[in-house]
Amino acid sequence: MSVTTIQPSTVFDPEDLKTAFSTKTDEELKLAYFLFRMMGKPTLVKLGGIATVWALKLGLPIKGLIKGTIYRHFCGGETAQQAQSAIRRMANAKVYTVLDYAAEAKEDEAGFDHVLDEIMRNIRLAKITGEIPYISVKLTGIGSREIFRKMQEGEVLNQEEQAAFQRTENRLDLICKAAFEANITVYIDAEESWLQQGMDELAEKMMLRYNERRAVVFNTLQMYRTDRIAYLTDLLKRSEGYDVILGIKIVRGAYIEKEQERAAEYGYPSPVFHIKADTDRSFDKAIDICLHHLYRVELCAATHNEASTRYLVNQINRQGIADHRKRIHFSQLYGMSDNLTYNLASAGFNASKYLPYGDVATTLPYMIRRAEENTSIAGQMGRELSLLEAEMKRRKL
Ligand SMILES: Cc1cc2nc3c(=O)[nH]c(=O)nc-3n(C[C@H](O)[C@H](O)[C@H](O)COP(=O)(O)OP(=O)(O)OC[C@H]3O[C@@H](n4cnc5c(N)ncnc54)[C@H](O)[C@@H]3O)c2cc1C
């Protein structure tokens, strides 16, 4: 790790509203404000989600309404080409794109191959435009959930299942190889704990194969899981002496209720913390561990949490990590926490946004998840709303 002390070009100030919303027109700002106010009403979100799913199923003409509102705020477009304008707007503010094909895959081989084709097309597009440095991959998009579950629970796979799992590995290998050749980065998303073990193994295999000089492949660690610090420590130990730069993306974790419900249903101890403060501590501890091993780790802090973001920024400054741009990445979701992303970028840090794309019907589950996540007044929604309100005032709207 470098010991020379440097100051970032400017100070990270998440309160700088002008920078935070620099790419938003007045109209977009008003739309965002309206949306976050609506999302603050849990009953409305619940009923709205159900009604929208049914309306689309029945072919009612609501696509236009969705496209002009929640879709426009959280998604880049129906195709990767359509997402180009959002990609370019972010690139102009030095915010990088993590291109995310948001469709929930069809659970069959044709569906998995379709996702593979889409991602491979995106890598080619990234190579041509030079504006998409990262792509994300969900392994349940290119492989069977059931096989991941069986593997984890020690069930023996029959020949057909073994062949199917091999095809999943081959698909991931094609993606990682193409990313390596195109000089872009692959974030492998983390999913439910009962599927994750096989996913970790695949991610580690790919890291060993492609991460010799830089982290082409990142695995994701959900820090709400009680075992992830131990996993991280063990991974560091196991990879000692290998020519590999580990790519570690840390998140808090998206499936807390599902995890708790399943543990209760099957009667095993909950794999996730019960108290938010424990998750927060575990997230920051993972930051410390990664910073300590920065000579063979690249870290991506994927979070909307301002305290964790400030913590990492302060550690970079305090420890004088001169090559932080090479080793440390910050990421948020498109349509959320612009005050972090744009101010991080403006202060000289690597900042990116997950930009989902896909048609309205297929991105609907993603949008409903965003709406549900933003219902709590105490959580992110309150923060988003107060920032948007302040910016509206600043612009005298
Ligand atoms: C760029 C990006 C990529 C992501 N990729 C993934 C991914 O691959 N896999 C994935 O699972 N998620 C992913 N997420 C979602 C992420 O896991 C979180 O759900 C989301 O970001 C909210 O957490 P936070 O750190 O932003 O903020 P906060 O609002 O500070 O934290 C909320 C989170 O804290 C945890 N939490 C809440 N209540 C409790 C409690 N009582 N006890 C313990 N923990 C609690 C939950 O994880 C909850 O989501 C991603 C998020 C971002 C920004």
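Biologist: Helix 10 passes helix 11: in a left-handed or a right-handed crossing?
Modeller: Right-handed. A crossing is left-handed if the near helix is turned anticlockwise from the far one by less than a right angle, and right-handed if clockwise. Helices (H or I, at least four residues) and strands (E, at least two) are DSSP runs, numbered from the N terminus.

Biologist: What should I know about the model and the numbering?
Modeller: This is a predicted model: local features need pLDDT of at least 70, side-chain atom pairs count only at pLDDT 80 or more, and totals for chains, interfaces and linings use all residues. Residues are numbered from 1 along each chain as its sequence is written.

Biologist: Back to the pair. At what angle do the axes of helix 10 and helix 11 cross?
Modeller: Roughly 35°, and the axes come within 11 Å. Axes are lines fitted to C-alpha atoms, for helices over the stretch in contact, and angles run from 0 to 180 degrees between N-to-C directions.

Biologist: Which residues make the contact?
Modeller: Helix 10 uses Glu-169, Leu-172, Asp-173, Cys-176 and Phe-180. Helix 11 brings Leu-202, Met-206, Arg-209 and Tyr-210. Two residues are in contact if their C-beta atoms, placed from the backbone, lie within 7 Å.

Biologist: How many of those are nonpolar, polar and charged?
Modeller: Six nonpolar, no polar and three charged. Ala, Val, Leu, Ile, Met, Phe, Trp, Tyr, Cys and Pro count as nonpolar, Asp, Glu, Lys and Arg as charged, and the others, Gly among them, as polar.

Biologist: What comes in the loop between helix 10 and strand 3?
Modeller: Asn-183 lies there. Its phi is near 60°, a positive value in a residue other than glycine. Most residues other than glycine have a negative phi.

Biologist: Is Asn-183 buried or exposed?
Modeller: Asn-183 counts as exposed, because it has 12 C-beta neighbours inside 10 Å. Buried takes 20 or more other C-beta atoms within 10 Å of a residue's own, exposed 12 or fewer, and partly exposed is in between; C-beta atoms are placed from the backbone.

Biologist: What is phi of Lys-94?
Modeller: Near 60°, also positive. Lys-94 sits in the loop between helix 6 and strand 1. With 14 other C-beta atoms within 10 Å, Lys-94 is partly exposed.

Biologist: New topic. Which residues are closest to the ligand?
Modeller: Asp-189, Val-251, Arg-252, Ala-254 and Ala-302. The shell holds 27 residues. A residue is near a molecule or strand if its C-beta atom, placed from the backbone, lies within 6 Å of it.

Biologist: Which element gives the most to that shell?
Modeller: Strand 7, with three residues. By class, the shell has 12 nonpolar, 12 polar and three charged residues.

Biologist: How many residues of helix 17 are buried?
Modeller: Nine of its nine, residues 338-346. Just after helix 17, Gly-348 takes a positive phi of about 95°.

Biologist: And Arg-370, buried or exposed?
Modeller: Buried, since 22 other C-beta atoms lie within 10 Å. Arg-370 is in helix 18.

Biologist: Last one. How many helices and strands does the protein have?
Modeller: 19 helices and eight strands. The radius of gyration is 21 Å, close to the 21 Å of the globule rule for 397 residues, so the protein is as compact as a globular protein of that length. That radius is taken over C-alpha atoms, and the rule is 2.2 Å times the number of residues to the power 0.38.
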